[in-house]
Every structure is written in C-alpha cells, then in structure tokens.
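Visitor: I would like to learn how to read a model like this one. Please take me through the sheet, a residue in it, and the interface.

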Number of protein chains: 2
Amino acid sequence: MCKTCGCSFRSRNFGGIERFVEPCILLLLSKNPSHGYSLMDDLEKHCGEKVDVGNLYRTLRRMEMDGWVESDWSKNESGPDRRTYTVTEDGLEFLKSAVSSLSRTDKTIHRLFDRFKETFPSEQL
Amino acid sequence: MCKTCGCSFRSRNFGGIERFVEPCILLLLSKNPSHGYSLMDDLEKHCGEKVDVGNLYRTLRRMEMDGWVESDWSKNESGPDRRTYTVTEDGLEFLKSAVSSLSRTDKTIHRLFDRFKETFPSEQL
DNA sequence: TTACACATATGTAAATATCATATAGTATAA
DNA sequence: TTATACTATATGATATTTACATATGTGTAA
C-alpha cells in the first residue's frame, strides 16, 4: 500500500522508468549548461518529471563521477553561487544509448498494450 | 559500470520499468491459471521479459499478499508438485490501473523522443 | 529582523533488483 | 543403482534506486 496516496500501489511511482531523469538532464544540458535548481524546474516543465531535490543533486554528482557532465561554480550576483553543469562527449554518447534503450522499453510496453487490448477489447488505455 | 556486460550503465537494465513483470503476470494469468516455472517461460516468450527465477517466485508471493492472485498446490504426475496461481478481481483491477499508469509513462517517453529528435535530427532512435 | 526564495547537500530508511545457493521430485541414460 | 539433467519452489545476502526528512548558507524585500 502506497503511503502517500493510499492507493493499492506499493510505491507511488508504479510503472515509472528506472533512472529516467538522467537522459532528461543530459538532453536539457545539451541545449544549455545549467545548474541543479534550474534543472529541477525544467525537468518538471519540459520533461514531466517531478524530481526529489536531494535526489537530483546526488544524481548530478554521480553523473559527474561517471564523466557524463562537468561542473564549475559560477558567481551569482542576486543569490547564492551556482554549480553549473555542462554535458561531455561521453554524456552525449550515453544519452544516445539511453534513448535506444528506452526505444526498446517502449516496444515492450506496446507489446503489453496489444495483448491487453486483445484480452480486454472493451477497456480503455 | 555494469558488472555483467562491462558497459557504462550502472545497472544492466537501464531504462527498464519498475515492477513491469506484475502486469505481465496478471495478463498471462487472466488467460490461464499457471505456475511459476511456466510463467517464467511465458514471460520471456510473450512479454519479452527475462525474469530472475528467485525474483519471480518472491513477486508471486508478494502479489498473493496483496490479494491480486490466489494459489493452490496441484499434483504433478511427471515432476514436482506445482503452486498454481489464479488472478483475482482485485488483480484485474490492478492490471487495469497499471496499464493506464504505463500509458502515462509511454507518453513521457515519447515526449523525450520528440525533444531528442528536435535536438539531434540526424540521430536514429 | 524576520521571512522567503534561491541554492546545494547529507542522513536514513524503504523498496526493488540481482546474484548465489538450497532443496526436492521425476525421468533417463550409463 | 548411480549419476545427471530437468522440473519446480524457495531463501540469503547484497547492491541499487527511490523516497522522505533535514541541514546549511546567500541574497532580497517587507
């Protein structure tokens, strides 16, 4: 039983994609270098991903360890300084393989949809 | 770094869907009652899911706890007895909500695909 | 000087997934 | 009759990922 909404799902995010934020972050960064706090907004606006703040920062540091992004502190006149992230070549490569991996996932989901429609023709997706 | 194949993914199953086996199992059971060992084959053949054996049995027991399936031992002349699973009404209801949850997930993936194609028009999915 | 938005970060626990191993019944070939 | 393989279910231990809570500090505006 889900603690947050009381529904029958054990975890809130049932059917969610493992580590989906990572390709999302890389795609955003491949347009413009950015920092954590800003990415948090962009992930929700542009990617439909509500990310836990703490998780986001930890993910960014982990991605830096993996060599997919690089960071530098940048001065901020009107507020605390920011750690600005840039995507690397390795990061772009990972993004591409992640996308094809997700493409396979997508096919798997649709395979389930097809079987579901076959078994329950009257049900909506 | 993935231990099994040496690729850059931290886990082998990058981009996989959280607890995807569960709706798959329920869909299979809604056609015919079945047992673990047989489901293992069917999940691979019909759903493209390679499931860890131990994980499968634990998942089935967990699903029974949740009231989505029921089990009974059935005699097997040509081998060890089998625990045969049947889907319940609650199980079918969960299947339906899981499918609509996955439908949302699918939209989220495609949103990423669209942005990816926009940013990298020459790349293949 | 208080409150609030911005900004980054860590501690801890829960949920899931992975890998290895245990146990036992039946069949069959040496 | 022994060894081997296949069928069948199950648990122990660990790793990974996610979720929730909390800490800390800067700048701005009331």
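**Sheet and interface**

Guide: In chain B, 3 strands make an open sheet, ordered β1-β3-β2, with antiparallel pairing. β1 (34–35) and β2 (69–74) of chain B are at the edges with a single partner strand each, so one side of each has no neighbour in the sheet. Helices (H or I, at least four residues) and strands (E, at least two) are DSSP runs numbered from the N terminus, and two strands pair if DSSP finds at least two bridges between them. This is a predicted model, in which local features need pLDDT of at least 70 and side-chain atom pairs count only at pLDDT 80 or more, while totals for chains, interfaces and linings use all residues. Residues are numbered from 1 along each chain as its sequence is written, chains are lettered from A and ligands numbered from 1 in the order in which they are written, and side-chain values use heavy atoms, leaving out hydrogens and water.

Visitor: How many bridges join β1(B) to β3 of chain B?

Guide: Strands of a sheet pair through backbone hydrogen bonds, either parallel or antiparallel. Here 2 bridges link β1(B) with β3 (residues 82–87) of chain B, and these strands run antiparallel. B:H35 has B:T84 as its bridge partner in β3(B).

Visitor: Is B:Y85 buried or exposed?

Guide: Buried means under 20% relative accessible area, exposed over 50%, and partly exposed in between (1.4 Å probe, protein chains only). B:Y85 lies in strand β3 of chain B, and its relative accessible area of 2% makes it buried. Contact means heavy atoms within 4.5 Å. Beyond its neighbours within four places in sequence, B:Y85 has contacts that include B:L29, B:P33, B:L60 and B:V69. Between B:Y85 and B:W73 there are 8.9 Å, C-alpha to C-alpha, and 12 residues in sequence.

Visitor: What is the area buried between chain B and chain A?

Guide: Buried area is the accessible area (1.4 Å probe) that two parts lose on being put together, summed over both. For chain B and chain A the value is about 5,200 Å², with 60% from carbon and sulfur atoms. In this interface, 54 residues of chain B contact 54 residues of chain A.

Visitor: How many salt bridges does the rule find across the interface of chain B and chain A?

Guide: A salt bridge is a side-chain nitrogen of Lys or Arg within 4 Å of a carboxyl oxygen of Asp or Glu. The rule finds 4 across this interface. A:K31 forms a salt bridge with B:E118, with 3.5 Å between the closest N and O atoms. On the side of chain B that touches chain A, α4(B) gives the largest share, 23 residues.
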